[in-house]
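Visitor: I am new to this structure. Could you show it to me and take a few questions?

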Amino acid sequence: MLDSQSAHFKALDSADLSQLQAILDAICIETGQSLREPEAQEVAAVLISLYRHGVADQDKLLSVGRLALTRKRSR
């Protein structure tokens with residue numbers, strides 16, 4: 001069941017997913033993180049959530065993704 005907050009999410013198409021994958025790939029390459037690690041998958045979820053809420057600027061997504069991974073690794 002959809003709640004009132006999820007009804008406004010942006011649907012993702014293959015171009016959106018390709019863009020987000022490229023951003024996640026760049027973050028993982030920079031940090032030496034494997035895409036299969038839980039931390040990288042959590043960053044992917046953050047990126048998708050932000051994008052679905054309208055954040056499409058690649059630099060902002062890169063910055064937030066880097067920060068999210070850094071925080072996950074420091075715990």
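This is a predicted model: local features need pLDDT of at least 70, side-chain atom pairs count only at pLDDT 80 or more; totals for chains, interfaces and linings use all residues.

Visitor: At what angle do α2 and α3 pack?

Guide: Helix α2, residues 38-52, and helix α3, residues 58-74, pack at about 145°. Their axes lie 9 Å apart.

Visitor: Is that crossing left-handed or right-handed?

Guide: The crossing of α2 past α3 is right-handed.

Visitor: Which residues in α2 and α3 meet?

Guide: From α2 come E39, A40, E42, V43, V46, L47, L50 and Y51. In α3 they meet L61, V64, G65, A68, L69 and K72. By type, the residues of this contact are 10 nonpolar, 1 polar and 3 charged.

Visitor: Turning to the largest nonpolar core, which residues touch the most other members?

Guide: That core has 14 residues, and those touching the most other members are L20, I23, L24, I27, V43, L47 and L61. Two or more residues of this core come from each of α1 (14-31), α2 and α3. As general background, nonpolar side chains in soluble globular proteins tend to be buried together.

Visitor: Let us take L20. Where is its place?

Guide: L20 belongs to helix α1.

Visitor: Is L20 buried or exposed?

Guide: L20 has a relative accessible area of 5%. The cut-off for buried is under 20%, so L20 counts as buried.

Visitor: A change of topic: how many salt bridges does a search of the whole structure find?

Guide: The search finds 1 salt bridge. E30 forms it with R66, and the closest N and O atoms are 2.7 Å apart. In general, side chains of opposite charge can pair when their charged atoms come close.

Visitor: Which parts of the chain does that pair link?

Guide: The pair links distant parts: E30 sits in helix α1 and R66 in helix α3, 36 residues apart.

Visitor: And why does E30 count as partly exposed?

Guide: The relative accessibility of E30 is 47%. Partly exposed covers values between the buried limit of 20% and the exposed limit of 50%, so E30 is placed in that class. R66 is also partly exposed, with a relative accessible area of 33%.

Key
Residues are numbered from 1 along each chain as its sequence is written. Side-chain values use heavy atoms; hydrogens and water are left out. Axes are lines fitted to C-alpha atoms, for helices over the stretch in contact, and angles run from 0 to 180 degrees between N-to-C directions. Helices (H or I, at least four residues) and strands (E, at least two) are DSSP runs, numbered from the N terminus. A crossing is left-handed if the near helix is turned anticlockwise from the far one by less than a right angle, and right-handed if clockwise. Contact means heavy atoms within 4.5 Å. Ala, Val, Leu, Ile, Met, Phe, Trp, Tyr, Cys and Pro count as nonpolar, Asp, Glu, Lys and Arg as charged, and the others, Gly among them, as polar. A nonpolar core is a set of buried Ala, Val, Leu, Ile, Met, Phe, Trp, Tyr and Cys residues joined through side-chain atoms within 4.5 Å. Buried means under 20% relative accessible area, exposed over 50%, partly exposed in between (1.4 Å probe, protein chains only). A salt bridge is a side-chain nitrogen of Lys or Arg within 4 Å of a carboxyl oxygen of Asp or Glu.
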